[in-house]
Amino acid sequence: MTAPQPALSVVVPMFNEEAVLPLLAVRLRGVLDGLAETYEVVAVDDGSADATPAALAALRVGWPELRVLRLRRNSGHQAALHAGLLRARGAYVASIDADLQDPPEVIVELLRRARADDLDVVYAVRADRSRDTRFKRWTAAGYYRLVRRLVGEQVPAQAGDFRLLSRAVVEALRELPERNPVLRLVVPWLGFPSGEVTYERQERAAGRTKYPLSRMAGLAAESVTSFSAAPLRVATWLGLVGVAVCGVLVVVAVLAWFAGGTVSGWPSLYVAILFLGAVQLLCLGLLGEYVARIYTAVQGRPAYQVAGDSAAAGPDRPDPAELADSLR
């Protein structure tokens, strides 16, 4: 028997968030219970290695609206979020991180705005990032400036993965062939009617950040290579510049030979070799990024594997009671 469709689904990807889970449950459940509408919370456990699975199982005992989607291994934030979105059943689907930097109370405003203005997408846009470090603010500003230039102005500045989607948008995401899309760029690219709600981002309630500099750099690289061939064009222009510089050096060398001024010129030769070598390596590296993406696509491996879903039983979805026992 198919479960009735809830009015709202809230997808919460998480990895090793045992410290913040009790606080998240109190605030998120208080907000959603206050809506007086049917809802489900899809907690996507991204292969946590701490007590997060056991904490989720304990929360489900007294919170029937909580649904646990467990991935077999740590697949990354975007993959976990994508898995939750595609399995959410609500007429509207909100996504929020578990660290409480994005206040759950804003979900009410996102839902109200979507219904009032008949919008398919409502972005939660950060109005104030003063709590972030100067380096984080500088890199975030550079990232959004870059992607808006590459993808288009439809990408909202200072909007992460805290958003509300209609069922139509979720089904459109399901039809995309990409196995691990960068959702903060793919959703605006779809072109559905959208709006924004501003909010103040808070400090992490507990635990440590799961997005260090290396992951932020990886997200930036994935964003650029997924949506633009600009790096390849940069490589082409660098190659042209290298050819031009070599041409100038050839002319200088010929003129020096005719003038009888051909002396030991190892510095210029040394610089020219270094320059050309650097340009060639950079071009090969940029080309390799795209070849790697083609290779990954040809392999056809999924970005994640679902180990269990507490909402239903089946070959890949064990009975909820068995799932709770296995998580303890």
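This is a predicted model: local features need pLDDT of at least 70, side-chain atom pairs count only at pLDDT 80 or more; totals for chains, interfaces and linings use all residues.
Because buried means under 20% relative accessible area, aspartate 99 counts as buried with its value of 8%. The side chain of aspartate 99 reaches the backbone nitrogen of glutamine 101, at 3.0 Å. The loop between β4 and α4 also holds aspartate 102, whereas arginine 201 lies in the loop between β7 and α8 (213-227). The side chains of aspartate 102 and arginine 201 meet in a salt bridge, with 2.6 Å from N to O. This pair therefore ties together parts that are 99 residues apart in sequence. Both aspartate 102 and arginine 201 are buried.

In total, the structure holds 13 salt bridges. One of them joins arginine 67 to aspartate 309, whose closest N and O atoms are 2.7 Å apart. Arginine 67 belongs to strand β3 (residues 66-71) and aspartate 309 to strand β8 (residues 306-309), so the bridge ties together parts that are 242 residues apart in sequence. Arginine 67 and aspartate 309 are both buried.

Another salt bridge sits within a helix. Arginine 112 pairs with glutamate 109, and the closest N and O atoms are 2.7 Å apart. These two residues are three places apart in helix α4, which means that about one helical turn separates them. An α-helix has 3.6 residues a turn, so residues three or four places apart point the same way. Arginine 112 is partly exposed, with a relative accessible area of 44%, and glutamate 109 is also partly exposed, at 32%.

Aromatic rings come next. How many aromatic pairs does a search of the whole structure find? The search finds one. The rings of phenylalanine 162 and tyrosine 199 have centres 5.5 Å apart and planes at 85°, so the pair is edge-to-face; the cut-off for that label is an angle over 60 degrees. Phenylalanine 162 lies in strand β6 (residues 159-166) and tyrosine 199 in strand β7 (residues 194-200), so the pair ties together parts that are 37 residues apart in sequence. Both phenylalanine 162 and tyrosine 199 are buried.

Two helices show how burial can be arranged. In helix α2 (residues 52-62), the buried residues include Thr52, Pro53, Leu56 and Ala57. These four cover an arc of only 140° around the axis, which puts them on the same side of α2. In helix α3 (residues 77-87), 10 of the 11 residues are buried, so α3 is largely enclosed by the rest of the structure. Among the buried residues of α3 are His77, Leu81, His82 and Leu85.

Finally, the nonpolar interior deserves a look. In soluble globular proteins, nonpolar side chains tend to be buried together. The largest nonpolar core has 35 residues, of which Leu8, Val10, Val12, Leu28 and Leu164 touch the most other members. Leaving aside residues up to four places away in sequence, leucine 8 touches residues including Leu32, Leu35, Tyr92, Ile107 and Leu164. A second, separate core has 27 residues, including Val44, Leu71, Ala88 and Val186.

Conventions:
Residues are numbered from 1 along each chain as its sequence is written. Side-chain values use heavy atoms; hydrogens and water are left out. Rings of Phe, Tyr and Trp (its six-membered ring) pair if their centres lie within 6.5 Å; planes under 30 degrees apart count as stacked, over 60 as edge-to-face and the rest as tilted. Buried means under 20% relative accessible area, exposed over 50%, partly exposed in between (1.4 Å probe, protein chains only). The arc is that of the directions from the helix axis to the C-beta atoms. A polar contact is a pair of N or O atoms within 3.5 Å; within protein, one must be able to donate a hydrogen and the other to accept it, and residues adjacent in sequence count only if both atoms are side-chain atoms. A salt bridge is a side-chain nitrogen of Lys or Arg within 4 Å of a carboxyl oxygen of Asp or Glu. A nonpolar core is a set of buried Ala, Val, Leu, Ile, Met, Phe, Trp, Tyr and Cys residues joined through side-chain atoms within 4.5 Å. Contact means heavy atoms within 4.5 Å.
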